[in-house]
Amino acid sequence: MRTDDLIKALDADARSTAMPLGSAWWAGAGAATIIAAVVFWLAIGPRTDIATAVHTMRFLAKFVFTMALAICAFALIRALSTPGASTSRAAAWMIAAPLLVLIAVMLELLSVPAADWGTRLIGSNLVVCLTFIPLIGIGPLAVFLAVLRYGAPTRPVLAGTVAGLLAGGLAATFYAAHCFDDSPLFVATWYTIAIAILAALGALGARIFVRW
């Protein structure tokens, strides 16, 4: 029997009387969202001027970026956790969030004087950003790794990396409600680094805990 066939057989046998993998992913996503929300509200909460901020395009754009990443990563990780499932379409959609951020950065550079670029990029909360996106995302990452272990990914390190991106997108969506730095220059730099930390942790966690 080929390795792929063996994995499929073991996976089918293990879940013959258990929750379907698709349902497990939705349950995991719900649990991860609740965990992220609790940590967010207990640790930092929304910014004080959020009622005014929601009327600005830069503030709302942050949620477009982070939610696009989370949605696309969720689709890809579901495919990666299922042996034999096609991943090409879901993988192609992973370009959506970076592309949206790139477009926003280009528009920012065109609309803001060059003298202000550095100030917009550094912002005022980079340490908070690099601290709380990983902090909010570590619980959801653990949930996603557990669901990956429930599945049967043939490329566990890649799947773990995507789990980190998913956790990062979710965490960054919550953090964006607190962050006072709305410039795409700030988001493209510091949100990306913070999410990359979770992606690296996801790859490491999958290498250790998600394997056949």
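## Aromatic rings

One aromatic cluster is formed by Trp25, Trp26, Phe74 and Phe144. Rings of Phe, Tyr and Trp (its six-membered ring) are paired if their centres lie within 6.5 Å; planes under 30 degrees apart count as stacked, over 60 as edge-to-face and the rest as tilted. The model is predicted: local features need pLDDT of at least 70 and side-chain atom pairs count only at pLDDT 80 or more, while totals for chains, interfaces and linings use all residues. Residues are numbered from 1 along each chain as its sequence is written, and side-chain values use heavy atoms, with hydrogens and water left out.

By the ring rule, the count is 8 aromatic pairs. Phe40 and Trp41 make an edge-to-face pair, with 5.7 Å centre to centre and 80° between the planes. Phe40 and Phe174 make a tilted pair, at 5.8 Å centre to centre and 45° between the planes. This second pair links distant parts of the chain, since Phe40 is in helix α2 (residues 21-43) and Phe174 in helix α9, 134 residues apart. Helices here are DSSP runs (H or I, at least four residues), numbered from the N terminus.

Phe40 is buried because its relative accessible area is 2%, and Phe174 is buried at 18%. Trp41, at 57% relative accessibility, counts as exposed.

## The nonpolar core

A nonpolar core is a set of buried Ala, Val, Leu, Ile, Met, Phe, Trp, Tyr and Cys residues joined through side-chain atoms within 4.5 Å. The largest such core has 62 residues, of which Trp25, Ile133, Leu148, Tyr175 and Tyr191 touch the most other members. At least two core residues come from each of α2, α4 (57-80), α6 (96-111), α8 (126-150), α9 and α10. The greatest contribution is that of α4, with 13 residues.

Helix α8 has 25 residues and reaches 36 Å from its first C-alpha to its last, close to the 36 Å expected at 1.5 Å a residue. The expected span is 1.5 Å times one less than the number of residues. A kink of about 40° lies at Ile138 in α8, shortly before the proline Pro140; the bend at a residue is the angle between axes fitted to the seven residues ending there and the seven starting there.

Leu148 lies in α8 and counts as buried because its relative accessibility is 0%. Contact means heavy atoms within 4.5 Å. Not counting residues up to four places away in sequence, Leu148 touches Trp25, Ile77, Ser81, Pro153, Ala159, Gly160, Ala163 and Val210. The C-alpha atoms of Leu148 and Phe209, 61 residues apart along the chain, are separated by 9.3 Å.

## His178 and the cysteines

His178 is found in the loop between α9 (156-176) and α10 (184-209). At 14% relative accessibility, His178 is buried. Its contacts, leaving out residues up to four places away in sequence, are Phe40, Ile44, Gly45, Pro46, Arg47 and Val128.

How many disulfides does the structure hold? There are 0 disulfides, a disulfide being a pair of cysteine sulfur atoms within 2.5 Å. The sulfur of Cys179 is 6.0 Å from the closest cysteine sulfur, in Cys129, and is therefore too far for a bond. Cys129 is buried, with a relative accessible area of 0%, and Cys179 is buried, with a relative accessible area of 0%.

Definitions and conventions:
Buried < 20%, exposed > 50% of the residue type's maximum accessible area, 1.4 Å probe, protein only.
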